[in-house]
Each structure stands twice: as C-alpha cells, then as structure tokens.
Amino acid sequence: MDPYTVEHNVKPASPSNQPPRRPDFSTFFSTLELVDTSNTNNVHSTPIPGDVSSVFRMLAEGYERMRQDQDPHADTQGQSDDHHLDSGHSRFLEGLIQTLLNEADTPPKEVNGVSDEFLTELERVPKKALKKDMSCPICNNPFLEDQYPLVVRLPCHKSHIFDLECIQPWLKLHPTCPLDRKNLVKKKEPPPPPPKDEEEDGDYDEMYA
C-alpha cells in the first residue's frame, strides 16, 4: 500500500486513463525486503549479491522511466525556459541512474540505506506550505498536482524537499541526499571509557571480594 493511503487514510482512486505520476515500485520493495539490513528484523541476514544488484538496477530503471516521461514536455511550443529546466532535471536523473547502474554492476556486500524509523521521522511539509511552482526534484511533478501531497524535507537543507514516494527508494539504498550527497545518518559514537576513579574502585573491590 502506498504512503498516501497509509498516512492520509484515503481510499485509492478508481482506475483512470491518466498515466500514473510515477512508476510502480512494488517489485523493487519486494526485492528490497530480501536484502534490507537496516531494520532489526533482518539485521543478521546475509544478502545474496544477485539480489543486491537487482534492487539497484530496478531503481535505475524506475528513475529512467521518470526521465523518459518528462521528455515530451521539452518539445512543446513556447516552452524554451521549461526545456532548460527539463534538461537540468534530466541531467540530474541521469546522474542518479548512472550511480545506481554502477552499484548494480559492482554491488556492495550489503545495502546501507536508512531505517524505516528514519523515514517515519522525516519532517512532513504541510500542503499549505507548498507553492504552485514547487516540484519534486526526482519526478519533476508539481507537488500540488497531488490531491494529497506527501512531501518530506531532508535534514541537510530546508529547500531539499521531495515526494516521499520518490525519495524513499533512494534513501533505502543510500543514507545520503541525492542533491548534495550529504550523509543524513549520524554514526553512533562508542561510549566513553569509565572514569579512572570507577576503574580503581572496581579493582579495589575485587581485591577484597
């Protein structure tokens, strides 16, 4: 079930002749369950290299479909400025796609994406804060074209906002923002050593135990 239905408690819209706003990532997420070690229920599993390679390639193919869906708009009459923007969007997606394909060719030993808890805690951007000219950097669709926009802000920069359905697959494979590639997950530091007094007290107690 998609994030819109879950978070907004709405019934899925009846089928229509309009093309979907973004590809169906259900197969990607089904395969991801086999290799995802970010959650406690799968933390001790050993991913199969072929499955790891598959999830990166599936996401690359999904993003490629997004990029191709935007191409017809670049040829519409009187849209030279939009063509420039679409070209920039296309180059951005090409960079993500190439990264994913490289990772599919030489997959890591495990997927180092973010946890489901991290995604749940991402800041949600309310609909009233969205403007007509604001669009998702990945799918390039205006946020307000969705009846129930589910938009999240990444902690690296206040302007880095995305449709959750577009950014979630990337974050499940990478703990980084696709715009600036900053790491979004703080590494846990080892606990500090106990004070010397406590160590000495412990040694003293053991001597007279």
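**Cys136 and its closest cysteine in the predicted model.** In this predicted model, the cysteine sulfur closest to that of Cys136 belongs to Cys166, at 3.9 Å. A disulfide is a covalent bond between the sulfur atoms of two cysteines. A pair counts as a disulfide when the sulfurs lie within 2.5 Å, so the distance from Cys136 to Cys166 is too far for a bond. The count of disulfides is zero. Cys136 is buried, with a relative accessible area of 1%.

**Cys177 and Cys156.** Cys177 is in no disulfide either. The nearest cysteine sulfur, in Cys156, is 3.6 Å away. Cys177 is buried, and its relative accessible area is 0%.

**Helix α6, residues 164-173****.** Ten of the ten residues in this helix are buried, so α6 is largely enclosed by the rest of the structure. Among them are Leu164, Ile167, Trp170 and Leu171, and also Glu165, Gln168 and Lys172. Cys166, the residue whose sulfur is closest to that of Cys136, is another buried residue of α6.

**The largest nonpolar core.** In soluble globular proteins, nonpolar side chains tend to be buried together. The largest nonpolar core here has 43 residues. Tyr63, Ile138, Leu154, Ile167, Leu171 and Leu173 have the most contacts inside this core. At least two core residues come from each of α2 (26-35), α3 (49-70), α4 (80-105), α5 (116-121), β2 (151-153), β3 (161-163) and α6. The helix α3 gives the most, seven residues.

**Surroundings of Ile167.** Which residues does Ile167 contact, leaving aside neighbours within four places in sequence? They are Ile138, Val152, Leu154, Phe162 and Pro178. Ile138 and Leu154 are, like Ile167, among the residues with the most contacts inside the largest nonpolar core.

How values were computed
Residues numbered from 1 in each chain as written. Predicted model: local features only at pLDDT ≥ 70, side-chain atom pairs only at ≥ 80, totals over all residues. Heavy atoms only, no water. Buried < 20%, exposed > 50% of the residue type's maximum accessible area, 1.4 Å probe, protein only. Helix = DSSP H or I, 4+ residues; strand = E, 2+ residues; numbered from the N terminus. Core = buried A, V, L, I, M, F, W, Y, C linked by side-chain atoms within 4.5 Å. Contact = heavy atoms within 4.5 Å.
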